[in-house]
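Student: Please take a close look at one single part of this model, and then show how the rest of the chain is laid out around that starting point. Keep to what the model itself shows.

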Amino acid sequence: MRIPLILAVIAIIFSVAVDLYIFFDIKTKSRLRLWRRVYAVSSFACWAFLIALILWPKRSGDSDILGVMWMLYVYLSIYFAKFAYVVISIIGRLVRLIAKPKFKWRPSCRIGIVAALVVFAVMWEGILYTRYDIDVNRVDISSPRLPKSFDGYKIAQISDLHVGTWGNDTTFISNLVDSVNALKPDLIVFTGDIVNRRTEELEPFISPLSRLSAPDGVFSILGNHDYGDYMDWDSPAQREANNRLLADYQAKMGWRLLNNERDYVMRGNDSITVVGVENWGDPPFAVYGDLEKAIPSSRDSLHNQNDRCFKLLLTHNPEHWNRVVSKSTNFDLTLSGHTHAMQMMIQVGGWKWSPAKYRYELWGGLYERLNDEGKTTRLYVNIGAGEVGMPSRLLGANPEITLFSLPHEGI
């Protein structure tokens, strides 16, 4: 899909407005016409670049989404930097207007240039460093339903690999696999979005991902990007073949794909239940998930959504937990991904912020609630390891591995 018309119009208006402001700022502050000419020519080149980006086809099978992502990021890094200069410049003008004639300090041009350089540097640091710098977050989850034989059980979660963003370069994914294996988890779970648009993106990564190793294996689910919904297929049969191939590849990797299913991890006579649902999305994402099919709500069933077993739920979109799971079930822990923290996060001590908070109520980390019966249920949202839309992770939004430890409460 090409950039939506409204976003394309906004981008063009934004670019022209920013460039006109800076052009006239240069005109008023510099007598050299050369600077104006250079800026004008560079601006026209940037506008041509933007138009090419807008017109680039993005849903056809032979179009390269990587080219689009990199073009978009180059554009954003330039114009966000320019916008930083404009903001500082406008603030300086307002200060001088309000304080005139007492206030004669006029450093806004220099500060604006510094701000622009900082913004540009941060955006490219996100490509050159942060997207490779893996964080391991350790979380303890206790429950009275956890059998004693599972005391200290370790679960490693990864999510949102979006391997297509790496093309054929398997270096990062291989490093991620090594990092997960080094934690020596008992179980590994993947919570969806292994590709961007189509299954063939996964082919170069089958070998490194097959190296993920844990005594109880790897469980996985599908995310909204895993269904081929971001492509224009020649026929429904072609899309279905794409989706079957994804399941086949995951089986080849040794992963257990849970499509509205449940499985059990055993320790002697004890067990914990692992439930996986297909993508359950708030609009505009399609709903394929069926929790009732995976595990019934009826208490007449030996295993049900509110039984006495320790239950782990894998569901890609945290809105599923927010709207349904946390209200009517007693799942001990639900693991999701999807948000990426919009690939930008600031964290200072226990405080954190991401633009994702304006789109998702639950966007990263651990959340806890009491369900309708007063039972505690928890959600952890992993901010993912890959990128989509822009090939970058900014500030503190490092690729994440979450390692859960399950201590026995001893009731």
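Tutor: Start with Val18: leaving out residues up to four places away in sequence, Val18 touches Tyr39, Tyr79, Lys82, Phe83 and Val86. Keep in mind that the model is predicted. Val18 sits in helix α1. Is Val18 buried or exposed? Its relative accessibility is 5%, under the 20% limit for buried, so Val18 counts as buried.

One of the residues that Val18 touches is Tyr39, and both Val18 of α1 and Tyr39 of α2 belong to the contact between these two helices. Two packed helices are described by the angle between their axes and the distance between the axes. Here, helix α1 covers residues 5-29 and helix α2 covers residues 33-55; their axes come within 10 Å and cross at roughly 175°. An angle over 145 degrees counts as roughly antiparallel, so α1 is roughly antiparallel to α2. On the α1 side, the contact is made by Ala8, Ala11, Ile12, Ser15, Val16, Val18, Asp19, Ile22, Phe23, Ile26 and Lys27. On the α2 side, the residues are Trp35, Arg36, Tyr39, Ala40, Ser43, Trp47, Leu50 and Ile54. By class, the residues of this contact divide into 14 nonpolar, two polar and three charged.

Now move away from the helix pair. The C-alpha atoms of Val18 and Thr191 are 40 Å apart in space, and the two residues are 173 apart in sequence. For scale, the C-alpha atoms of the protein chain fill a box of roughly 85 × 55 × 35 Å along the principal axes. The chain has nine helices and 15 strands.

One group of strands forms an open sheet of six, in the order β1-β15-β2-β3-β4-β5, with mixed pairing. β1 (135-140) and β5 (255-257) stand at the edges with a single partner strand each, so one side of each has no neighbour in the sheet. From one strand to the next, the twist averages 25°. Within this sheet, strand β2 (residues 153-158) and strand β15 (residues 400-406) run antiparallel and are joined by five bridges. Gln157 has Thr402 in β15 as its bridge partner. Helix α5 (residues 171-182) packs on the sheet and touches β2, β3 (187-190) and β15. The direction of α5 makes about 15° with that of β15.

A further open sheet of six strands has the order β6-β7-β8-β9-β13-β12, again with mixed pairing. Its edge strands are β6 (261-267) and β12 (365-370), each of which pairs on one side only. Neighbouring strands in this sheet are turned by 20° against each other on average, direction ignored.

At one end of that order, β6 and strand β7 (residues 270-276) run antiparallel and are joined by seven bridges. Glu261 stands opposite Gly276 in β7. Apart from neighbours within four places in sequence, Ala294 is in contact with Asn260, Glu261, Arg262, Val275, Gly276 and Val277. Ala294 is buried, at a relative accessible area of 1%.

Towards the other end of the order is strand β13 (residues 376-381). Five of its six residues are buried, so β13 is largely enclosed by the rest of the structure. Strand β9 (residues 333-336) runs parallel to β13 and is joined to it by four bridges, and Thr334 stands opposite Leu379. β12 pairs with β13 in the antiparallel sense over six bridges; here Arg369 stands opposite Thr377. β12 and β13 form a hairpin with five residues between them, and Gly374 in the turn has a positive phi of about 80°.

Finally, the chain as a whole. Of its 411 residues, 50% count as buried. The accessible surface comes to about 19,400 Å², and 61% of it belongs to carbon and sulfur atoms. Among contacts with a separation of 6 or more, 72% are between residues 24 or more positions apart.

Technical notes: Residues are numbered from 1 along each chain as its sequence is written. This is a predicted model: local features need pLDDT of at least 70, side-chain atom pairs count only at pLDDT 80 or more; totals for chains, interfaces and linings use all residues. Side-chain values use heavy atoms; hydrogens and water are left out. Two strands pair if DSSP finds at least two bridges between them. Axes are lines fitted to C-alpha atoms, for helices over the stretch in contact, and angles run from 0 to 180 degrees between N-to-C directions. Contact means heavy atoms within 4.5 Å. Angles under 35 degrees count as roughly parallel, over 145 as roughly antiparallel, 65 to 115 as roughly perpendicular and the rest as oblique. Ala, Val, Leu, Ile, Met, Phe, Trp, Tyr, Cys and Pro count as nonpolar, Asp, Glu, Lys and Arg as charged, and the others, Gly among them, as polar. Buried means under 20% relative accessible area, exposed over 50%, partly exposed in between (1.4 Å probe, protein chains only). Accessible areas come from the Shrake-Rupley method with a 1.4 Å probe; for residues, only the protein chains shown count as cover.
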